[in-house]
Amino acid sequence: FIRIDCSYHNEQQFSEVLFGQDSMIKQANHGLLFIKNAHHLSNKIVSDIMHYFLVEVNLKLILIMHINDDIKEISALRDYFNFIVKIPPLENRSLDERYQFIEKFIQEESVRLDRKIEVNYGLMQSLMLYPCKENLFELKKNIQFGIANAFVRTKKNQKVIIELLDLPSNVRKGLLYIKENSMELERILGKNCNFTFDHDKTFKA
């Protein structure tokens with residue numbers, strides 16, 4: 001099993017990693033190659049990869065990329081893949097679902113650090129509403145980033161308290177959408193309460 005994340009390579013680097021002398025293709029031969037964030041590549045590179053795998057390589061391929069609901073684009077991919085799984089972006093999911101993901105990601109970090117993690121109401125509102133271009137990957141990454149920053153200043157055996165400034169600046173954009181979503185947020189989050197995540201449990205106070 002070999003994994004490549006295209007967000008960390010430009011096209012030239014990606015070509016070298018995939019097709020070079022010590023290529024990932026050779027390493028993954030007769031196995032599985034997992035290519036993530038392929039939307040960072042040009043259509044030509046993606047097409048070349050598909051053609052190469054059809055003609056030359058004896059291995060299985062999983063390709064993850066963001067695509068528009070363009071029938072031509074989806075049809076082109078169907079020419080190469082046995083099946084395509086479409087996962088709706090966060091912007092097309094309900095706020096209830098988004099809260100479940102946020103809760104899951106923070107609980108996972110609580111388990112990993114073996115610490116309670118506290119999130120204030122304003123920060124939770126921002127996490128619920130800010131635009132995530134990279135969808136769940138970005139949401140999880142930003143939560144992990146914020147918790148890591150908060151953990152650095154936390155004394156031994158104390159709970160980790162996250163502040164809005166611990167997270168990337170784009171998370172603050174969620175504050176711009178609070179007014180239009182206030183009723184829905186109050187239904188899901190409650191009113192002006194802090195959240196404490198303790199391993200697989202969540203408490204509001």
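Strand 6 (residues 195–198) and strand 7 run antiparallel, joined by four bridges. Strands here are DSSP runs of E with at least two residues, helices are runs of H or I with at least four, and both are numbered from the N terminus. This is a predicted model, where local features need pLDDT of at least 70, side-chain atom pairs count only at pLDDT 80 or more, and totals for chains, interfaces and linings use all residues. Residues are numbered from 1 along each chain as its sequence is written, and side-chain values use heavy atoms, with hydrogens and water left out.

- Strand 4 (residues 117–119) runs parallel to strand 5, and three bridges join them.
- Take Glu-118: its bridge partner in strand 5 is Ile-161.
- Over in strand 7, Lys-201 is the bridge partner of Asp-198.
- The hairpin of strand 6 and strand 7 has two residues between the strands, and His-199 takes a positive phi near 55° there.
- As background, strands of a sheet pair through backbone hydrogen bonds, either parallel or antiparallel.

**Aromatic rings**

- There are three aromatic pairs in the count. Rings of Phe, Tyr and Trp (its six-membered ring) pair if their centres lie within 6.5 Å; planes under 30 degrees apart are stacked, over 60 edge-to-face, and the rest tilted.
- Phe-101 and Phe-105 make a stacked pair, at 6.2 Å centre to centre with 25° between the planes.
- Those two sit four residues apart in helix 5 (residues 95–113), about one turn of the helix.
- Phe-101 is partly exposed at 21% relative accessibility, while Phe-105 is buried at 8%. Buried means under 20% relative accessible area, exposed means over 50%, and partly exposed is in between (1.4 Å probe, protein chains only).
- Phe-195 and Phe-197 are stacked too, because their ring centres are 6.4 Å apart and their planes are at 15°.
- Both Phe-195 and Phe-197 are buried, and together with Tyr-99 they form one aromatic cluster.
- Arg-98 has its charged end over the ring of Tyr-130, 5.2 Å from the ring's centre. A charge sits over a ring if NZ of Lys or CZ of Arg is within 6 Å of the ring centre and within 35 degrees of the ring normal.

**Lys-116**

- You'll find Lys-116 in the loop between helix 5 and strand 4, partly exposed with a relative accessible area of 42%.
- Thr-196 is 80 residues away along the chain, yet the C-alpha atoms of Lys-116 and Thr-196 are separated by 6.6 Å.
- Leaving aside neighbours within four places in sequence, Lys-116 is in contact (heavy atoms within 4.5 Å) with Ser-110, Lys-159, Val-160, Thr-196, Phe-197 and Asp-198.

**Cysteines**

- A search of the whole structure turns up zero disulfides, a disulfide being a pair of cysteine sulfur atoms within 2.5 Å.
- Cys-132 is buried, with a relative accessible area of 11%.
- Cys-193 is buried as well, with a relative accessible area of 8%.

Note on methods
Pairing = 2+ DSSP bridges.
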